[in-house]
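This report is written for a reader meeting the structure for the first time.

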Amino acid sequence: SSGINAEYGGITLRNNLKTLFSKREYPWIVDRVVFPLLTIIPPTIIGLATANVEVLVAYTGAFSGVAIQYIFPACFVLLGRMKVKSTFGREASHVNKNHSIFSSNAWPIGLLVWSAACMGFVIYYKIAAAVMGR
């Protein structure tokens with residue numbers, strides 16, 4: 001399973017790098033050699049330079065997991081609600097008679113606060129474990 005995830009991640013990273021440079025067409029050598037190497041080489045160097053890969057996986061997994069599961073969706077909801085309000089006016093959110101009981105901005109803000117607290121606990125635990133030698 002992790003091999004498949006790494007392949008999807010590599011393809012996504014390669015495509016994101018292509019988009020970053022915003023050119024539609026690339027020569028074959030750049031498209032098929034340079035971008036894949038830019039995708040593969042940095043993680044390989046980091047993996048080889050890290051003495052304990054488990055620590056690296058624990059940090060990246062904890063932080064990216066919280067960002068993907070909690071922070072991004074909460075920000076999308078808040079920004080989406082701001083866009084709807086600016087586009088359709090303040091009354092637009094009250095037009096829908098079937099609106100959610102979670103339509104208050106307190107919910108995504110609470111989620112962001114909860115995420116920050118959890119990240120704080122994870123950082124504290126990791127630093128305390130490193131200092132105490134666990």
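A salt bridge is counted here where a side-chain nitrogen of Lys or Arg lies within 4 Å of a carboxyl oxygen of Asp or Glu. D31 and R32 meet this rule, since their closest N and O atoms are 3.7 Å apart. The model is a predicted one.

**Salt bridges**

By this rule the count comes to 2 salt bridges. Besides the pair with R32, D31 forms a salt bridge with K18, at 2.4 Å from N to O. D31 belongs to helix α2 (residues 28–49) and K18 to helix α1 (residues 2–20), so this pair ties together parts that are 13 residues apart in sequence. D31 has a relative accessible area of 17%, which is under the 20% limit for a buried residue. R32, at 49% relative accessibility, counts as partly exposed.

**Helix α3**

Helix α3 takes in residues 53–88, which makes 36 residues. From its first C-alpha to its last, α3 reaches 50 Å, close to the 52 Å expected at 1.5 Å a residue. The helix has a kink of about 40°, centred on A67. A67 is also among the buried residues of α3, together with G65, V66, A74 and L78. These buried residues pack against α5 (106–132). After α3 comes G89, which has a positive phi, near 95°.

**Helix α5**

The 27 residues of α5 should span 39 Å at 1.5 Å a residue, and the distance of 38 Å between its end C-alpha atoms agrees with this. P108, S115, M119, A128 and A129 are the buried residues of α5. The cover over them includes α3. G133 follows α5 and has a positive phi, near 80°.

L78 lies in helix α3, and its relative accessibility of 17% makes it buried. L78 and N105 are 27 residues apart in sequence, while their C-alpha atoms are 6.9 Å apart in space.

S115 lies in helix α5. With a relative accessible area of 1%, S115 is buried. With residues up to four places away in sequence left out, S115 touches V66, Y70 and I71. V66 is one of the buried residues of α3.

**A nonpolar patch**

I123, I127, V131 and M132 make a nonpolar surface patch of about 420 Å². One of them, V131, lies in helix α5. V131 counts as exposed, at 68% relative accessibility.

The table gathers relative accessibility for residues discussed above.

| Residue | Relative accessibility | Class |
|---|---|---|
| S115 | 1% | buried |
| L78 | 17% | buried |
| D31 | 17% | buried |
| R32 | 49% | partly exposed |
| V131 | 68% | exposed |

Note on methods
Residues numbered from 1 in each chain as written. Predicted model: local features only at pLDDT ≥ 70, side-chain atom pairs only at ≥ 80, totals over all residues. Heavy atoms only, no water. Helix = DSSP H or I, 4+ residues; strand = E, 2+ residues; numbered from the N terminus. Expected span 1.5 Å × (residues − 1). Bend = angle between axes of the 7 residues up to and from the residue. Buried < 20%, exposed > 50% of the residue type's maximum accessible area, 1.4 Å probe, protein only. Contact = heavy atoms within 4.5 Å. Patch = residues over 30% accessible without salt bridge, like charges linked within 9 Å, V, L, I, M, F, W, Y side chains within 5 Å. Areas by Shrake-Rupley, 256 points an atom, 1.4 Å probe, with all protein chains shown as cover.
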